[in-house]
Structures are given as structure tokens and as C-alpha cells.
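Please find below my notes on the model under review. They are set out as numbered points, from the overall layout to individual residues.

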Amino acid sequence: MSVLLETAGFFFGVIGSGLLGITLFNANWRVSTVDGNVITTSTLFENLWQNCATDSTGVYNCRDFPSLLALSGYLQACRALMITSLVLGFLGTLCGMVGLQCTKVADGNAVLKGKLATVGGGIFVFGGLCAGVAVSWYAFNITKEFFDPLYPGTKYEIGPALYLGWSGALLDVVGGGFLCCSYKTQVSQVRSYNYQYQAPKASTSTKTAPQIALPRYDSNTSICKYGKNAYV
């Protein structure tokens, strides 16, 4: 059961990290809403790196954000969290790959492989939490600006990239949890095959058997029993 659990957790973590990588470079983090707009022939969409505009003919132009320091604080924090999530996903993939029971690395040491799988699972969980915070924070700002009647700028709605990011973060957390649970199951299986053998204790109440007194050998008396003819 532990092999199936850790294998499923590893693949969940890898797929979740892949989805987060796609999310980071997806341009549709937020899309301009048509609610209350008179002109609907153009659509604006943004991500963490650039904003784009497209018209009804399908022609679109993108422009990178000119300055890092000119960006809002939450946008810089979302960048840092998403990059951290991808780095952690890569490290979790390496640790989980070595810790899998089906791999040959450290094959003779089941405890070491279980610990590596647990470390990989913890890294996956932390990476998924970082991505989940980044995506949720970005979505919170979208909804705050959308429902603010005094906001003067363009109002946006949640783009499809955020749903992809939530899915990837959830897969990372679930996969990391499976890897951590597989270590506990694996250790319990290893301990079940260890037989507790205890050597019998020496009894302190044993009585010494009475010793039989053997006749003492006396060379002088024994020689006297034989006559002189015995030596001829």
C-alpha cells in the first residue's frame, strides 16, 4: 500500500509543479470585464510580467512592465512566491525520485529512502502553499477592485490561469501529503518484520550440585600395594 501511496503522491506533486509552471507564464491571470463597458471590441489581459490587448480581429499587442520598483507590492510578492514554488517543486521532485521504493538509489536502506520521500513531500506541500497564497492574493485584489465603486481604472475578472494555479497548488499539497504518509506506513511495515528476541536471563537461584569426593591418589601408598614382581 505504501508503494502505491508514495507513487501517487510523487506524480501528483510533479503534475502540480508542471501546472504551476504553466500558470506562471500564462498571460490570462486577469481579463478585462465587459460588465458596464460600452466598448467591447477590445479585451485586456495581464499576468505577473506583462499586459496585453486584443481586438475582435484577433490581433493583440503585449507590453512588459517597464519597472520592477514601479509595480505594486502584492505583484512583486506574487512573483517571488511563484518562483519559490517552482524551485521547491524541482527540489521536491529530486528528493521524491530518490526516495521512491521503485528506484535503485540507496536500495538497501529503506529508512533513508523513506526519509527522503518525506522530505520531498514536505517540500511539495510548502511549494503548493506558496503558490496557493500567490494565486489567492492576486485573485483577492481583482475582486477588491471589481467591487470598489470608486476605483477609477479598468476592472478585471479572474482569468483562467488562476484556476490552473489553484489546481496545481492543490495537487502539490495532496501529493506531498501522500509522500509524508507513505513514510509512516513503510516504517510500520519494516518494524512488523523485526522479531523481538530476548536471551534467557541467568537464574541466580540455581543450586550447585553436590560434588562427589574422589579418593585422593597417593603415590607412596599406591606403590606399596604392588610387589616387586610387578615391575619385572
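1. Along the sequence, the elements of the chain follow the pattern α-β-β-β-β-α-α-β-α-α. This predicted model has five helices and five strands. Of its 232 residues, 33% count as buried. The accessible surface amounts to about 15,100 Å², and carbon and sulfur atoms account for 65% of that area. Of the contacts between residues at least 6 apart in sequence, 66% join residues at least 24 apart.

2. The chain has a mean pLDDT of 79, with 74% of residues at 70 or more. Where pLDDT is low, the predicted coordinates should not be read in detail.

3. The pairing of the strands S1, S2 and S3 can be described as follows. Strand S1 (residues 30-32) and strand S2 (residues 42-46) run antiparallel and are joined by two bridges. S2 also pairs with S3 in the antiparallel sense, over five bridges, and a hairpin of three residues connects S2 to S3. Glu46 has bridge partners in both directions: Arg30 is paired with Glu46 of S2, and Glu46 is in turn paired with Asn51 of S3.

4. Which residues are linked in a network of salt bridges? The network consists of Arg30, Glu46 and Glu145, and the structure holds two salt bridges. In one, the closest N and O atoms of Arg30 and Glu46 are 2.7 Å apart. This pair links distant parts of the chain, with Arg30 in strand S1 and Glu46 in strand S2, 16 residues apart. In the other, the side chains of Arg30 and Glu145 meet at 3.3 Å, N to O. Here too distant parts of the chain are linked, since Glu145 lies in helix H3 (residues 110-146), 115 residues from Arg30.

5. Beyond its neighbours within four places in sequence, Phe45 is in contact with Ala27, Asn28, Arg30, Val31, Asn51, Cys52 and Thr54. The C-alpha atoms of Phe45 and Thr33 are separated by 9.6 Å, the two residues being twelve apart along the chain.

6. Asn51, placed in strand S3 (residues 50-55), counts as buried because its relative accessibility is 17%. Residues up to four places away in sequence aside, Asn51 touches Phe45, Glu46, Asn61, Cys62, Arg63 and Phe65.

7. Thr93 is buried, as its relative accessible area is 17%, and it touches Phe10, Val14 and Phe124 when residues up to four places away in sequence are not counted. Leu94, by contrast, counts as partly exposed because its relative accessibility is 40%. On the surface, Leu94 belongs to a nonpolar patch with Ile83, Val87, Phe90 and Leu91, and together these residues have about 450 Å² of accessible area.

8. Where is Ser182 found, and which residues does Ser182 touch? Ser182 lies in helix H4 (residues 160-192). Its relative accessibility is 0%, so Ser182 counts as buried. The residues that Ser182 touches, leaving out those up to four places away in sequence, are Ser2, Leu5 and Glu6. Ser182 and Thr7 are 175 residues apart in sequence, while their C-alpha atoms are 9.2 Å apart in space.

Terms used
Residues are numbered from 1 along each chain as its sequence is written. This is a predicted model: local features need pLDDT of at least 70, side-chain atom pairs count only at pLDDT 80 or more; totals for chains, interfaces and linings use all residues. Side-chain values use heavy atoms; hydrogens and water are left out. Patches are made of residues with over 30% relative accessible area and no salt bridge: like charges are joined within 9 Å, nonpolar side chains (Val, Leu, Ile, Met, Phe, Trp, Tyr) within 5 Å. Accessible areas come from the Shrake-Rupley method with a 1.4 Å probe; for residues, only the protein chains shown count as cover. A salt bridge is a side-chain nitrogen of Lys or Arg within 4 Å of a carboxyl oxygen of Asp or Glu. Buried means under 20% relative accessible area, exposed over 50%, partly exposed in between (1.4 Å probe, protein chains only). pLDDT is the predictor's confidence in each residue, from 0 to 100. Helices (H or I, at least four residues) and strands (E, at least two) are DSSP runs, numbered from the N terminus. Contact means heavy atoms within 4.5 Å. Two strands pair if DSSP finds at least two bridges between them.
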